[in-house]
Amino acid sequence: MSETILGFDPSKLNIITTTFYRRWVPAQFQWRSGAQVTPEVVDKVRGDLAIQMISKASEKGVRTIVVDGVNNRPFRQALERQNVFIFDETDKGMSASKQQGYRIAQVMPDMVANLWTEPEKVSIAEDCLDPLMTPIFTGEADIVIPLRGAESFSTYPDFQADIEQESNRLWNALLKAEGIIPYEHPGFDNWFGPRGWHKDITGLFIKKYKSTDPDVKLIKPEEYGNALHFPVITALIEGKRVISVQVPFRYPEIQKAIEEDSLEFRAKRKYQQESILETTKEFLALLRSEQSRLVAVS
């Protein structure tokens, strides 16, 4: 592994994210609590947050790599004012576009570490970079998964906080049953998307698996597993140092406001829970060389 340095150096960190805001416009945001949450509102809120996150990262001297799926020109122009590299999405799909960003980051010279985060997570860039990434830079960890405490979860819509904590418990139980982590392990906040890693192990994050039965709607490695969940499991099995670091993350208030009464967002969170858990079970079966509905692609 490459030589480490004494502490976190923002100039040697790539933040990787993906954007897809077809309806974002540069006009001032007009929505108020209780009003209808339309697709235009969602894209405006999420796009504005993405610009804020990238701006905060830029202020700290971090390089941000954006893989953009729609080429909304006004949004691109807003991003281009920041310290950001923007690429058209060529690999379609949620995991594929993330992995496209990982591969781009891997060829950036003179960098030590990568951090994936959803673009709307402003607080990751504003509040969390130093505690989250320092263990990578000081050689104490290969992968760091941020951990949310009770105060952090209190900033979320109640239903989301509940389902994500339940999902964490169930996902960690799967790994404990396999002996991948010991039963006394407190578990990882796996449902929290961001994760940082030393660039030398990026190969774990770009492996791809596909379903042998694409009609099964819950077995979808191309959505979440390939880019976020399988690399953590593989790293643990290979003896990499995967640690949790508690961070003072705050969910954006405006994002909470548009999501907390939404049946659509509730259904999305429930689908994520079921799909990630079922796909993880298939991945674990594949690792055991047992019958699985997954197969390695690359």
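A nonpolar core is here a set of buried Ala, Val, Leu, Ile, Met, Phe, Trp, Tyr and Cys residues joined through side-chain atoms within 4.5 Å, where buried means under 20% relative accessible area, exposed means over 50%, and partly exposed lies in between (1.4 Å probe, protein chains only). The model is predicted, so that local features need pLDDT of at least 70 and side-chain atom pairs count only at pLDDT 80 or more, while totals for chains, interfaces and linings use all residues. Residues are numbered from 1 along each chain as its sequence is written, and side-chain values use heavy atoms, with hydrogens and water left out.

**The cores**

Select Leu13, Ile15, Leu115, Leu129, Met133, Phe137 and Phe249, which touch the most other members among the 46 residues of the largest nonpolar core. Two or more residues of this core come from each of strand 1, helix 1 (39-59), helix 2 (73-79), strand 4, helix 4 (122-137) and helix 6 (158-177); helices (H or I, at least four residues) and strands (E, at least two) are DSSP runs, numbered from the N terminus. Now centre on leucine 13, which, apart from neighbours within four places in sequence, is in contact with Phe8, Val62, Arg63, Met111, Ala113, Asn114, Leu115, Leu129, Met133 and Phe137, contact meaning heavy atoms within 4.5 Å. A second, separate core of 36 residues can be picked up through Tyr102, Ile181, Trp197 and Val242, which are included in it.

Show the strands next: seven of them form an open sheet in the order 3-2-1-4-6-5-8, with mixed pairing, two strands being paired if DSSP finds at least two bridges between them. Strand 3 (84-88) and strand 8 (242-246) stand at the edges with a single partner strand each, so one side of each has no neighbour in the sheet. From one strand to the next, the twist averages 25 degrees. Zoom in on strand 5 (residues 143-147) and strand 6 (residues 195-198), which pair in the antiparallel sense over two bridges, and find valine 144 opposite glycine 196 in strand 6.

**Two helices**

Helix 3 (residues 94-106) lies across strand 1 (13-19), strand 2 (63-68), strand 3, strand 4 (113-116) and strand 6, and runs at about 155 degrees to strand 1; axes are lines fitted to C-alpha atoms, for helices over the stretch in contact, and angles run from 0 to 180 degrees between N-to-C directions. Move on to helix 1, whose 21 residues reach 30 Å from the first C-alpha to the last, close to the 30 Å expected at 1.5 Å a residue, the expected span being 1.5 Å times one less than the number of residues. Just after helix 1, glycine 61 takes a positive phi of about 85 degrees.

**Salt bridges**

The structure holds 22 salt bridges, each a side-chain nitrogen of Lys or Arg within 4 Å of a carboxyl oxygen of Asp or Glu. Select glutamate 126 and lysine 56, whose side chains meet in one of them (3.5 Å, N to O); glutamate 126 is in helix 4 and lysine 56 in helix 1, 70 residues apart. Then select aspartate 142 and arginine 241, whose closest N and O atoms are 3.1 Å apart. Aspartate 142 lies in the loop between helix 4 and strand 5, and arginine 241 in the loop between helix 7 (221-237) and strand 8, so this pair ties together parts 99 residues apart in sequence. Aspartate 142 is buried at 5% relative accessibility, whereas arginine 241, at 35%, is partly exposed.
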